[in-house]
Amino acid sequence: MSSLWLVARSLFWTVALPGMIAGYVPWRYFGLGAVRIAWRDPIQLLGLFLAGAGAGLLATCIWEFAHRGRGTLAPVDPPKQLVVRGLYRYVRNPMYVSVTTILLGELLIVRTSALLLYWAGWLVAVNLFVIEYEEPALRRRFGVSYDTYTSRVGRWIPRLPRGR
């Protein structure tokens, strides 16, 4: 039952957070729902690739949080254990990088200044959230293990892991 409950919570938070930010809002308010893909437009094709890659990376991260951390992507329902495997071996915030990639892909598909401003606002907001709230909270919760992790893995720019 607890595994099924974890899956249900993960699905709920996936729809409620990145689903709204990178799905519903661009679809409803920034023209993504009305766009027609020009299959010969390399910019739109790149946008489709980035949005798809970002969605795949996000799904991988959500799985890692549930499988390894026994929690969800929501700050109110976080993993019980520090997740440092999978994509988290290369970058500390792969979920945010994934959502940013999805939004960048959507921006290349739609190409509106409104979505560009939304994307820029997302970048500012997520940076402030991570630096001002999330990192201090993780440091309090996981202590030295989180400090060790941050010394080895970059916040936004992926690094190849050093040793095992």
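Me: Which residues form one aromatic cluster here?

Reply: That would be Y96, W122 and W156. Keep in mind as we go that this is a predicted model.

Me: How many aromatic pairs does the structure hold?

Reply: Eight aromatic pairs.

Me: And how do I read one of them?

Reply: You describe a pair of aromatic rings by two things, the distance of the centres and the angle of the planes. Now try Y24 and Y29: the ring centres are 6.2 Å apart and the planes sit at 85°, so this pair is edge-to-face. The cut-off behind that call is an angle over 60 degrees.

Me: What about F65 and Y88, stacked or edge-to-face?

Reply: Stacked: the F65 and Y88 rings are 5.3 Å centre to centre, with 25° between the planes. This pair also links distant parts of the chain, as F65 belongs to helix α3 (residues 42–67) while Y88 is in the loop between α3 and α4 (94–110), 23 residues apart. Both F65 and Y88 are buried.

Me: Where does R92 lie?

Reply: R92 is in the loop between α3 and α4. With a relative accessible area of 12%, R92 is buried, because the cut-off for buried is under 20%.

Me: What do the polar atoms of the R92 side chain pair up with?

Reply: Look at two partners. The R92 side chain makes a polar contact of 3.0 Å with the side chain of E135. A polar atom of the R92 side chain also lies 3.2 Å from the backbone oxygen of T150.

Me: Which residues is R92 in contact with, leaving aside neighbours within four places in sequence?

Reply: The list runs E135, Y146, Y149, T150, V153, G154 and R155.

Me: Last one, the helices. How do α3 and α4 cross?

Reply: For two packed helices, you give the angle between their axes and the distance between the axes. Here the axes of α3 and α4 come within 7 Å and cross at roughly 160°. Angles over 145 degrees count as roughly antiparallel, so α3 and α4 are roughly antiparallel to each other.

Me: Is the crossing left-handed or right-handed?

Reply: Left-handed, as α3 passes α4.

Note on methods: Residues numbered from 1 in each chain as written. Predicted model: local features only at pLDDT ≥ 70, side-chain atom pairs only at ≥ 80, totals over all residues. Heavy atoms only, no water. Phe/Tyr/Trp six-rings, centres within 6.5 Å; stacked < 30°, edge-to-face > 60°. Helix = DSSP H or I, 4+ residues; strand = E, 2+ residues; numbered from the N terminus. Buried < 20%, exposed > 50% of the residue type's maximum accessible area, 1.4 Å probe, protein only. Polar contact = N/O pair within 3.5 Å; in protein donor to acceptor, adjacent residues only side chain to side chain. Contact = heavy atoms within 4.5 Å. Axes fitted to C-alpha atoms, helices over the stretch in contact; angles between N-to-C directions. Parallel < 35°, antiparallel > 145°, perpendicular 65-115°, else oblique. Left-handed = near helix turned anticlockwise from the far one by under 90°.
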